[in-house]
Amino acid sequence: MSIDKYLVQHCAPTLASLKTANMFSCSYDSEKSLNNSIEFWNEIFKSKGVELVVLKKQNNTALIYVCRKSRLAADLAKEGVAEFLADYGYNSIDTDEAINTLKGRLLSLSEFPHEIGIFLDYPLGDVKGFIENAGANCKCTGCWKVYCNECEAVKMFAKFKKCREVYSRLYLSGERNIMQLTVKSAG
């Protein structure tokens, strides 16, 4: 199982420390191969402050969350986030506890838990806007649907796109490996 292509394609902004987290789905042959791959990448990324977490497994497909927990802790501590998440059953904004609650919600709900946007570094106003409008009436769409600060979001989307393009080019050309492309977390 080769996760590296998914990391570059879907998680470049997180690897570049431009974004708290990204996620992707990938198929796997066996639980053992999946677990070995996750352990391998977590060991590789430990010194960089990046961690892979399997959020859900279903029909030999894993939903993998790639995050910088130090940034997630800061995101969860932002004004209004704890209260917002409490409405969805989150009893703590501790990163590990919040991720475990998210995992539980992914397993128990028939619909996707839209508060996941908080875990992906989406602005609280946009997450709330998406939920309140059932995904309609947004100002623009990019990495997420924007309901609040359109100008700022458009700039971020362009930055993320450029990052993915540069990372893909450097990786596919062999100029850089994933470890070289991954920025170490500050602090």
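Author: Let us begin with burial: a residue counts as buried when its relative accessible area is under 20%, and as exposed when that area is over 50%. Please keep in mind throughout that this is a predicted model.

Reader: Is V66 buried or exposed by that criterion?

Author: V66, which lies in strand β3 (residues 61-67), has a relative accessibility of 0% and therefore counts as buried. Leaving aside neighbours within four places in sequence, V66 is in contact with L7, C11, T14, T20, A21, N22, F24, V50, E51 and L52.

Reader: How does D4 come out, buried or exposed?

Author: D4, found in helix α1 (residues 4-15), has a relative accessible area of 19%, and because the cut-off for buried is under 20%, D4 is buried. Not counting residues up to four places away in sequence, D4 touches W41, Y171 and I178.

Reader: Turning to helices, what describes the packing of two of them?

Author: Two packed helices are described by the angle between their axes and the distance between the axes. In this model, the axes of helix α3 (residues 69-76) and helix α5 (residues 95-108) come within 10 Å and cross at roughly 80°, which means that α3 is roughly perpendicular to α5.

Reader: Which residues make the contact between α3 and α5?

Author: On the α3 side they are K69, L72, A73 and L76, and on the α5 side T95, D96, A98 and I99.

Technical notes:
Residues numbered from 1 in each chain as written. Predicted model: local features only at pLDDT ≥ 70, side-chain atom pairs only at ≥ 80, totals over all residues. Heavy atoms only, no water. Axes fitted to C-alpha atoms, helices over the stretch in contact; angles between N-to-C directions. Helix = DSSP H or I, 4+ residues; strand = E, 2+ residues; numbered from the N terminus. Parallel < 35°, antiparallel > 145°, perpendicular 65-115°, else oblique. Contact = heavy atoms within 4.5 Å. Buried < 20%, exposed > 50% of the residue type's maximum accessible area, 1.4 Å probe, protein only.
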